[in-house]
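User: Please take one part of this model and describe it closely. Then place that part in its surroundings and in the fold as a whole.

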Amino acid sequence: MTASEHRPDALRRLIKRSQFQRAARGNRAGRSAFGLQTIAAAEAQPGVGFTVTKKTGNSPERNRIKRRLRAAVTACARDFVPHHDYVLVGRREALSEPFAKLVADLGALIVRVHTPRSADERHSSGRGPRKPRQ
């Protein structure tokens, strides 16, 4: 066994496209700087992946966003729940957001994606309450 398998804050990296697509089908939550997607996984160590689209900016900007998100994940490594995969979807606001806020937002989103939602919240479009069916 390697040293990383004994550390409780060791994280797996998601690299295959299928892992990212699987996480996209799970729970999700977002902030202005990034979105977080999560789904249960078979492996004990939490898996983390990063994605930033070309719409976000040129390659140096996208790489800087990913570096900032990786650093935030390292700071919150103990908050990730075992047997889950997480994907962080970076947005342009991650470049200008203070690092402490990135870390605080990530910690809050990890808690949020694992809290069970009521039946009313599950299928909401985010535009307010639904009209009752007649």
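Buried means under 20% relative accessible area, exposed means over 50%, and partly exposed is in between, with a 1.4 Å probe and protein chains only. Helices (H or I, at least four residues) and strands (E, at least two) are DSSP runs numbered from the N terminus.

The model is predicted, so local features need pLDDT of at least 70 and side-chain atom pairs count only at pLDDT 80 or more, while totals for chains, interfaces and linings use all residues. Residues are numbered from 1 along each chain as its sequence is written, and side-chain values use heavy atoms, with hydrogens and water left out.

Helix 3 covers residues 59-75. Its 17 residues span 24 Å from the first C-alpha to the last, close to the 24 Å expected at 1.5 Å a residue; the expected span is 1.5 Å times one less than the number of residues.

Axes are lines fitted to C-alpha atoms, for helices over the stretch in contact, and angles run from 0 to 180 degrees between N-to-C directions. Helix 4 (residues 99-114) lies across strand 2, strand 3 and strand 5, at about 35 degrees to strand 3.

Arginine 92 lies in the loop between strand 5 and helix 4 and counts as partly exposed because its relative accessibility is 40%. Its C-alpha atom is 8.2 Å from that of arginine 62, at 30 residues' separation along the chain.

The strands belong to an open sheet of 5 strands in the order 1-4-5-3-2, with mixed pairing. Strand 1 (12-13) and strand 2 are the edge strands, each pairing on one side only. Two strands pair if DSSP finds at least two bridges between them. Strand 4 (residues 47-51) runs parallel to strand 5 and is joined to it by 5 bridges, with glycine 47 opposite aspartate 85. Strand 5 (residues 84-90) and strand 3 run antiparallel, with 7 bridges; here alanine 40 stands opposite histidine 84. Strand 2 (residues 27-30) and strand 3 are also antiparallel, with 4 bridges, and form a hairpin with 3 residues between them. Asparagine 27 stands opposite threonine 38 in this pair. In strand 3 (residues 34-40), 6 of the 7 residues are buried.

Overall, the protein has 5 helices and 5 strands, in the sequence pattern α-β-α-β-β-β-α-β-α-α. Of its 134 residues, 36% are buried. Among contacts with a separation of 6 or more, 80% are between residues 24 or more positions apart.

Terms used
Contact means heavy atoms within 4.5 Å.
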